[in-house]
Structure formats: C-alpha cells, structure tokens
Amino acid sequence: MPTYKTLPLVVSAVTATLAAPYLHAQTALEEVVVTAQRKAETLQDAALPIDAAGEAELNRIGVSDASMLSKVSPALTVASAGGSNNIFFVRGVGNFAVNAYTDSALAFNIDGIAIGRPTATTASFLDVNRIEVLKGPQGTLYGRNATAGAINVIPNTPTLGETSGSLSAELGNYGKTGFSGAVNLALDEQWAARLSLAKLDSDGYNDDGTGATDDTALRGQLFGELSDNVSLRIAADYSTSQGDGSAPIYRGNYGFQFGPPSDNPNTIDHYDFNPAPSNVSDAFGGPLTPEAQAYYQSLATVPAFTTPNPTAKPFLDNTFWGVNAELNAALDIGDLVVIAGYREAEADNLFINPGMQAAIIQDDQEQFSLEARLSTSTGPVDWILGGYYFDEKVSGLASYNQQSIQSTQGIDASTSESKAVFARGTFNVSDSFRLVGGLRYTDDEKQFTGRSDTFVNLCIRYLPVFPGGPEIPNCQGAPAIPAGATVADTLALIDAADLPVGAPGIGTGPVPYGQVPLFPGAPATATANLLLINPTEINQTQTAEEITYRLAAEWDVGADSLLYASFETGYRSGGFSLAAGREQYDPEYLDAFTLGSKNRFFEDRLQINAELFHWQYDDQQASHFGVDASGNSTLYTENIGSSTIEGLELDVLLAATSSTRLRANVQYLKNTIDDFSFVQPTADPDVHVVTGCDSSFIELNAAGNALWQVDCSGQEGRNSPEWTATFGVDQQFSLVDINAVLSLDARYRDDRWVGFDFTPPQRAESVTTLDATLQLDAGDGQWSLLAYARNITNEEVQSVTQVLSEMSNLVTSVYEPPRTYGLRFNYFF
C-alpha cells in the first residue's frame with residue numbers, strides 16, 4: 001500500500017499508464033516560464049506549489065480584476081465584503097476584515113512591487129504577461145504578510161528593436177463595454193518604450209443597478225540597455241476606479257423565540273430565522289429596490305429599537321498612481337537586481353455591506369519600497385542574497401453607521417516600516433539532487449495614531465410583547481443616527497427638534513434624543529431614547545523581529561520528473577484596533593510541510609503534478625464585533641485561533657490528440673479549527689449570541705453587558721471546501737480558412753463556510769459552474785475574435801454572508817456574478 005510520502009509518485013505512474021493508449025498523434029504541451037523564485041524557470045522546474053496563467057489564458061478565462069483570480073488557482077478564494085479592498089483566502093488562511101490598520105494574509109505584488117492595500121482596480125491587470133499564485137507561506141523570498149502565499153502580477157515589458165501593438169474591444173451583457181490597447185515602440189537600438197491603456201464600464205448585475213463599474217488605467221514604460229551588462233526599466237501608471245462596488249442582498253433576520261422553534265432550516269438555538277420576502281432575497285435583486293428598502297426599514301435597530309433610515313447609495317471614487325524602476329546589472333560577483341517603487345492611493349467610497357446605513361471611507365495611502373538582490377554561485381552552491389525596505393503611511397477617516405451605533409474614526413497616521421535581509425542557497429549535491437536552505441530576518445515597526453468617537457442611541461422604553469408577556473425595548477418612531485463622515489457632519493444632520501436639550505458633548509454622557517412619549521398621556525417632550533458620544537484615543541507603537549526560513553530537497557527523478565519536499569515558515573504582522581483595551585493584536589504564524597511531484601510523460605504530451613500539504617496555522621487573527629473596555633460596541637481584531645490544514649492537490653494536462661487538450665485539477669482539503677474561542681457581548685443574559693458555535697454565559701461586565709464565551713473549536717475552516725475540482729477541454733478545428741478553438745470549463749466547489757459566525761445561511765451549498773469560449777483567428781496573427789459565456793447555468797454562488805446584530809440580526813449575502821456573455825475582438829499590428 002502506498003505511503004503518504006510516496007503517493008505523488010504512485011498517482012503519477014498510474015495515471016500515465018492509463019493514459020498511454022491515447023497518446024499516439026499529439027503535439028507537446030506548452031512551457032510556462034515563471035520567476036516566482038527570483039529566477040527564470042519553467043513551471044515544471046519550479047519546486048514549490050504554484051499556479052500560473054499567461055496572457056492568452058487570462059484573456060480566455062476572463063481575468064480582468066482580482067475577484068477572478070480563483071480561476072487561475074482553485075486553492076484561492078477572493079471576496080469583497082465592502083469597500084475597495086479585496087479579501088484573500090488560500091485554503092482557509094485569511095481574514096474577513098482588511099482596512100487601513102490591518103494587513104492581508106497574502107502578499108500581492110505588481111511588477112515586483114509589494115502592494116500594501118490590494119484593491120479592486122483594473123490597473124493591476126493592464127497588459128499582463130502572466131499571473132503567478134504561490135500557495136502557502138513565502139517567508140524567505142517574500143517575507144511578512146505572505147502567510148497564505150503570494151500573487152505576482154507581471155506586465156508585458158518593452159522589447160528592443162520592435163514596433164508593434166494591439167487593440168481590443170469588448171461588448172457584453174449588463175452593459176459591459178471595454179477597450180484596451182498597447183504599443184511597443186523601438187526608439188533606437190538601445191531603447192524601447194511601451195504604452196498601455198484600458199477602459200472598462202458595466203452596469204450592475206443587480207436589478208437596482210448596484211455593482212456597476214467604471215475603470216480607467218494607463219501605464220507607460222521605458223527600457224534601455226545602458227551597456228552590455230546593465231539595463232534599466234522605468235514604469236509609471238495611473239488609474240481610477242469608480243462605480244458602486246459590491247452590494248448586499250437581504251436574506252432575512254434572526255428574531256427571538258417566544259415559543260417552539262420554527263421549522264425553518266436556518267433556525268438556530270434561541271433564534272428563529274425569519275426569511276425576507278422572495279422579491280427581496282432574490283440573489284440579484286439588490287438593496288435599493290423599493291421592496292428591499294421597505295423590508296430594511298421594517299426591521300428594528302439595536303440598541304435604539306427604532307425604525308432605521310434608508311440606506312445610502314454605495315459608490316467608489318478611487319485614484320491610484322505609482323512609479324517604479326528596475327535595474328539589472330551583470331557584475332563580476334553575480335547578477336544584481338534593484339527594484340524601487342513609490343505609490344499613492346486616494347480612496348473615497350461608501351458601502352452598505354453587510355446592511356449598514358453607510359460606511360464612509362476617505363483615506364490616503366502612500367508607500368515606498370526598495371529591494372536589492374544578488375544572484376551568484378560559490379562552487380556547487382547557488383545563492384540569492386538580498387535586502388528589502390518598505391515604508392507605508394495611511395491617513396484619513398472612516399465612519400461606520402449601523403443606525404443605532406456609529407463609529408466615526410479619524411486616522412492621523414497608520415505607519416508601517418519593515419526592514420529585512422534574506423539569503424537562499426541551493427547546494428547542488430549532484431546533477432539531479434539539490435538541497436535548499438533559506439533564511440530571512442525581518443524587523444517591523446508599526447505605529448497608529450487615531451481617534452474613534454462612537455455614537456450610541458439607546459432605547460429606554462420597555463413594552464410587553466403581548467398582554468402579560470415579556471417586556472422588550474420598543475422605541476418605534478424615534479430617530480436613528482444619521483450617517484455622517486465626522487462628528488460635526490453627523491450632528492449637523494440631526495433635526496434640532498430631536499435634541500431638546502442640545503447635542504451631547506463628546507464623553508459628557510447621554511442626552512434625550514427624539515420626541516416619542518414614554519407612555520400614554522406622557523408629556524410630548526418626554527423621550528424614549530438617549531444619545532451619547534464615547535471617545536477612544538489610541539497612540540500605539542508595535543515592534544516585532546522575526547526569523548522565517550525554508551528547508552527543501554529537490555530530486556530530478558528523471559529527465560522530466562521532479563520530486564520535492566519542503567518546510568517553510570511565514571507570518572503576518574500584528575496591528576491595531578480602535579478599541580479601548582483591544583488596541584493591539586500580535587502576528588499570526590503558519591508552518592507548511594509540502595511533498596510534491598511534477599512530471600511530463602510521452603514526449604511532453606502528458607503532465608501530472610501532485611502535491612501533499614500539511615499546514616499548522618497558529619495565533620490566528622480574527623476580526624469581530626465586541627465591547628471594548630469603555631463599553632463601546634466596536635469591531636476589533638484579536639488572536640483567537642489555531643488550525644490544522646492538510647490535503648492533496650492533483651493537476652493533469654493531456655494533449656489527447658494533435659487538436660484536443662484535456663485539463664483537470666482536483667483538490668481535497670481538510671481544514672480543522674483546533675482552537676477558536678472568543679468573548680462576545682449581548683445586552684443581558686436573556687439575549688444569547690447569534691452563532692452556530694457553542695456559547696455559554698460568563699458574567700455581566702461593568703457596563704451591564706452580558707459576556708458570552710463563544711467556542712468554534714472543531715469547526716471546518718472558512719472558505720475551505722472539502723473538494724474542489726476543475727475540468728476543461730480545448731478543441732481545435734477549422735471553419736473554411738479560419739482556425740477555431742472551442743473551450744469548455746467546469747468548476748465544482750463543495751459546501752463551505754463563507755461567513756464568520758457559522759450560522760446555517762453562511763454555509764454555501766456545493767455548486768458547479770460552467771464556462772465556454774470560442775476563439776477564431778485567420779492564422780496570420782493579425783486578428784482574433786473571442787466569444788464567451790460564463791456561469792452558463794446562472795448559478796447563485798455566495799461569495800460572503802454576514803450577520804449584522806445592530807439591525808435585528810440582519811443576514812446579508814454578496815454573490816458572484818450571474819450568467820455573463822460577450823464578444824472580444826483583438827487586432828495585432
């Protein structure tokens with residue numbers, strides 16, 4: 001019986017044997033060149049877990065922004081819970097919150113520059129040569145914030161002695177129009193330039209128009225050979241991202257049980273699930289339809305227990321620009337690469353996920369980075385030696401309005417300075433066997449200066465649910481908190497009649513808010529609500545020194561077969577929260593064991609790659625709502641978990657005939673949360689936590705809140721389907737004098753958790769999606785026409801599902817795109 005360690009070889013051998021009868025008149029598979037290990041090598045020679053796709057494949061599968069990167073790597077999940085920052089998970093490693101003072105678990109690199117705040121802009125995917133997705137920690141060559149892995153987006157660069165270009169135009173449903181172009185200019189024998197641009201517009205997928213995009217991107221590059229041994233490339237880019245961003249669908253809400261539990265399958269302990277009307281919960285209806293707004297305003301807010309205001313209309317208006325330079329020099333001691341980059345981002349956006357009245361983000365981010373690498377050899381050892389410097393500053397404001405609670409945050413400065421030195425050595429024991437060791441020392445210093453002023457609207461009137469029944473807060477008709485970007489903006493939006501004694505001072509205590517009588521016959525000026533503003537100021541510094549390393553062995557079993565084993569460590573830096581008593585959280589760590597096998601058989605007509613992995617995920621960071629030491633309800637991040645992640649991935653490519661190519665990728669994943677517990681507050685001991693995990697009452701705190709211990713240990717990790725599989729076929733044929741390629745792709749994802757709370761609506765059902773493309777060209781390389789249809793069966797696929805406790809435990813979902821189709825025409829000159 002094969003052992004765990006020999007399974008990749010056994011799988012490869014068995015599959016090759018089964019495929020042998022079909023291999024008799026095929027052409028060889030293409031080679032893909034990658035630079036993930038800071039050197040050029042084929043994908044099959046790269047001894048690490050990596051997926052990659054070139055320009056033609058990216059156009060075929062429709063990768064135009066970060067949300068579609070899971071098509072490149074099935075192990076990757078990309079979601080947007082709100083705003084312009086993307087959320088990345090690799091095999092369950094990630095976090096649902098990314099903002100100005102938390103970092104992504106995955107390193108996102110564009111043209112060799114690490115991006116501090118990965119966003120939804122299309123500029124990243126302008127004139128792309130290839131995309132590489134590295135799975136698992138990349139602690140030596142990439143360093144901090146590469147716990148889950150790394151994504152490398154690599155653009156086309158200028159070519160000497162060539163004047164050429166391309167134009168592309170696209171039309172699709174939902175009003176999609178796209179235009180892009182690139183031109184390569186030979187300036188003289190030593191210099192060349194490349195100019196690229198793209199414009200993409202689309203209407204929203206939802207009936208209310210939300211989800212629309214309006215993106216523009218420009219890039220210019222200049223490349224020159226300064227001498228026979230030295231070259232320099234300078235690049236500059238500018239882009240804007242406008243539209244709506246993602247918008248939630250209202251699924252229903254969790255309400256108190258006053259009798260036997262309902263038979264709705266989403267009901268949990270102590271809470272019945274009350275589904276929204278079907279014309280509201282439709283996957284692509286949208287939050288701004290009259291029906292959705294009427295449903296939203298029928299809910300009660302917490303803790304004001306009043307009628308909510310209508311939601312604001314979401315929008316994005318972001319600007320990004322940057323410059324970077326790459327110097328390559330062939331020195332006597334080795335090859336030197338120096339990469340420097342400066343970037344700025346200005347964000348102005350408003351989102352309403354997961355059901356807020358408005359979340360307003362206005363911040364400015366700037367970063368500078370410098371990396372130098374020297375590749376050299378000393379006897380049988382090949383070396384990569386380097387140093388890295390990164391400096392980032394974010395400032396601005398953020399305001400999160402949940403009707404009864406609004407956190408208005410001013411960020412004076414959120415800074416990160418990271419310095420690192422690293423080395424990797426490859427000892428060539430023989431022509432076919434190598435030992436690899438890598439080490440990186442990182443020194444991080446982060447500082448955060450900011451202030452949060454929390455508006456709280458409290459209901460002080462209790463009425464019986466029914467005669468003789470329990471009394472619950474009820475202040476229907478009292479005003480909610482209007483959504484403002486700052487404290488002054490918010491107070492200016494309040495009707496003076498709703499503040500009979502004047503506006504509350506910051507930290508001075510509650511004042512009457514609203515004109516709702518406390519009881520029949522009470523004076524008209526009696527109030528049922530109190531409004532207060534609680535301040536929290538933070539001025540914190542965090543330092544960390546970390547050593548990460550990699551140990552690996554590589555064995556060329558045959559001319560076209562590679563077996564490798566590795567152990568690598570990685571970490572994501574800690575950070576801050578605008579919460580008293582919760583100001584800081586520590587780094588998280590991931591250790592990864594990998595056993596892999598890469599093989600080509602039958603004169604490069606059959607490719608079989610297999611990977612066994614075992615990851616240990618410790619000090620896991622998680623963001624959730626809770627009460628801080630000042631009694632404010634707020635979102636903060638803490639280290640609350642550890643997980644064991646293991647499985648098998650098998651990737652097969654087969655040139656079945658000279659005109660037929662078959663593709664398959666299957667991943668089995670077991671992500672078990674070993675330890676994941678935290679404290680969650682509620683109004684009193686009779687109000688339980690809305691969760692699918694175990695919970696138990698602890699005590700009342702000084703603010704009168706009930707504290708509950710929530711234990712999710714033993715659950716399956718989030719965004720971790722047990723089985724993921726993709727299957728595809730590319731069939732070439734001729735139509736008169738036109739070449740044609742028909743491609744069909746199927747993708748299966750098993751049941752998976754797509755939300756933090758493990759409630760039944762957050763369990764996305766297993767789903768299979770189908771895509772198809774037909775590409776035509778005349779064979780002379782001058783033009784091509786691509787017709788595509790994606791999600792052909794119009795599946796409703798949950799991307800992220802959240803529960804908002806301040807809106808009567810409102811359950812919302814964001815969905816992946818519905819069925820889309822279109823045409824893209826490409827002209828080359």
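A disulfide is a pair of cysteine sulfur atoms within 2.5 Å. By this rule, the structure holds two disulfides. The model is a predicted one. A search of the whole structure also finds 37 salt bridges.

**Disulfides**

- A disulfide is a covalent bond between the sulfur atoms of two cysteines.
- With the bonded cysteines of the protein numbered in sequence order, the pairing reads 1-2, 3-4.
- Cys459 and Cys475 form a disulfide, with 2.1 Å between their sulfur atoms.
- The torsion about the S-S bond of Cys459 and Cys475 is about 80 degrees, so this disulfide is right-handed.
- This pair links distant parts of the chain, 16 residues apart. Cys459 sits in strand E22 (residues 433–459). Cys475 sits in the loop between strand E24 (471–473) and helix H5 (487–492).
- Cys459 counts as buried at 9% relative accessibility. Cys475 is buried as well, at 0%.
- Cys693 and Cys712 form a disulfide, their sulfur atoms lying 2.0 Å apart.
- For Cys693 and Cys712 the torsion about the S-S bond is about 100 degrees, so the disulfide is right-handed.
- Cys693 lies in the loop between strand E33 (660–682) and strand E34 (694–700), and Cys712 in the loop between strand E35 (706–711) and strand E36 (723–735). The pair therefore ties together parts that are 19 residues apart in sequence.
- Both Cys693 and Cys712 are buried.

**Salt bridges**

- Glu326 and Arg233 meet through their side chains in a salt bridge, at 3.1 Å from N to O.
- Glu326 belongs to strand E17 (residues 315–331) and Arg233 to strand E14 (residues 230–243), so the pair ties together parts that are 93 residues apart in sequence.
- Arg233 is buried, with a relative accessible area of 8%.
- Arg550 forms a salt bridge with Glu568, and their closest N and O atoms are 3.0 Å apart.
- That pair links distant parts of the chain, 18 residues apart. Arg550 is in strand E26 (residues 529–558), and Glu568 is in strand E27 (residues 561–572).
- Arg550 is buried, because its relative accessible area of 2% falls under 20%. Glu568 also counts as buried, at 6%.
- Asp604 and Arg600 meet in a salt bridge between their side chains, at 3.9 Å from N to O.
- Asp604 counts as partly exposed at 22% relative accessibility, whereas Arg600 is buried at 7%.
- A network of salt bridges links Glu57, Arg60, Arg661, Arg663, Asp730 and Asp745.

**Strand E8 and its partners**

- Strand E8 covers residues 128–135, and seven of its eight residues are buried, so the strand is largely enclosed by the rest of the structure.
- Strand E3 (residues 50–54) runs antiparallel to E8, and five bridges join the two.
- Ala53 has Ile131 in E8 as its bridge partner.
- E8 also pairs with strand E9 (residues 149–155) in the antiparallel sense, over seven bridges.
- Val128 has Pro155 in E9 as its bridge partner.
- In a regular strand the side chains alternate between the two faces of the sheet.

Definitions and conventions:
Residues numbered from 1 in each chain as written. Predicted model: local features only at pLDDT ≥ 70, side-chain atom pairs only at ≥ 80, totals over all residues. Heavy atoms only, no water. Buried < 20%, exposed > 50% of the residue type's maximum accessible area, 1.4 Å probe, protein only. Helix = DSSP H or I, 4+ residues; strand = E, 2+ residues; numbered from the N terminus. Pairing = 2+ DSSP bridges. Salt bridge = Lys/Arg side-chain N within 4 Å of Asp/Glu carboxyl O.
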